[in-house]
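Trainee: I have a model open and want to check its labels. Can we go through them one at a time?

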Amino acid sequence: MSKHQGFSAVALVIILAVLAVGGYAVWKDQLGSEASKSDETAGWKTYRNEKYGFEFKYPVNWCVFEEGQKAKKDENCGGSVSIEPIPAGELSIDTGKPLIDSYNPITVGGRRAGETGWSEAGPDLFRGILFADPSISVFLSSRAYTLEKIKEIGNQILSTFRFIK
């Protein structure tokens, strides 16, 4: 074997070793980020709605309100998730189209939805998600966090959203 062939073989082994180590590092990083995502919601409560067939996780210091419920005076919620039915055939005042089609299209839990994006209403930050099937609206709101933190928590809640029927 000539010196060039020996050098090429050594260089090839070094390159393969570098690629293997780099590939392992990328794989390990991805595995760690998936684990940290589930760790971020570990210890959260799970809300399950049999009527509309969905569930999601939410922080322990948050409250969930259904169809017209309001916070009690002594209730201390870091944020809230409000669930309301959308009346059949309700149209947007602005466009005359079905309400869900008036908002930014997104997919949550594998279902088509429309979202309002984050807005301010007085001291509260809120984001509305409207589903066509089931015909419900889900509003996330809080006055206890910065916009960046509420976005992070809201996205974590939506990432756990799952339809059960």
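Trainee: How many aromatic pairs does the count come to by this rule?

Mentor: Twelve aromatic pairs. Rings of Phe, Tyr and Trp (its six-membered ring) pair if their centres lie within 6.5 Å; planes under 30 degrees apart are stacked, over 60 edge-to-face, the rest tilted. The model is predicted: local features need pLDDT of at least 70, side-chain atom pairs 80 or more, while totals for chains, interfaces and linings use all residues. Residues are numbered from 1 along each chain as its sequence is written, and side-chain values use heavy atoms, without hydrogens and water.

Trainee: Why is the pair of Phe54 and Phe161 called stacked?

Mentor: The planes are 10 degrees apart and the centres 5.1 Å apart.

Trainee: What does the pair tie together?

Mentor: Phe54 lies in strand 2, Phe161 in the loop between helix 2 and strand 9 (162-163), so the pair links parts 107 residues apart in sequence. Helices (H or I, at least four residues) and strands (E, at least two) are DSSP runs, numbered from the N terminus.

Trainee: How do you know that Phe54 counts as buried?

Mentor: Buried means under 20% relative accessible area, exposed over 50%, partly exposed in between (1.4 Å probe, protein chains only). Phe54 is at 0%, so it counts as buried. Phe161, at 6%, also counts as buried.

Trainee: What makes Arg111 a charge over the ring of Phe163?

Mentor: NZ of Lys or CZ of Arg must be within 6 Å of the ring centre and within 35 degrees of the ring normal. The charged end of Arg111 sits over that ring, 4.1 Å from its centre.
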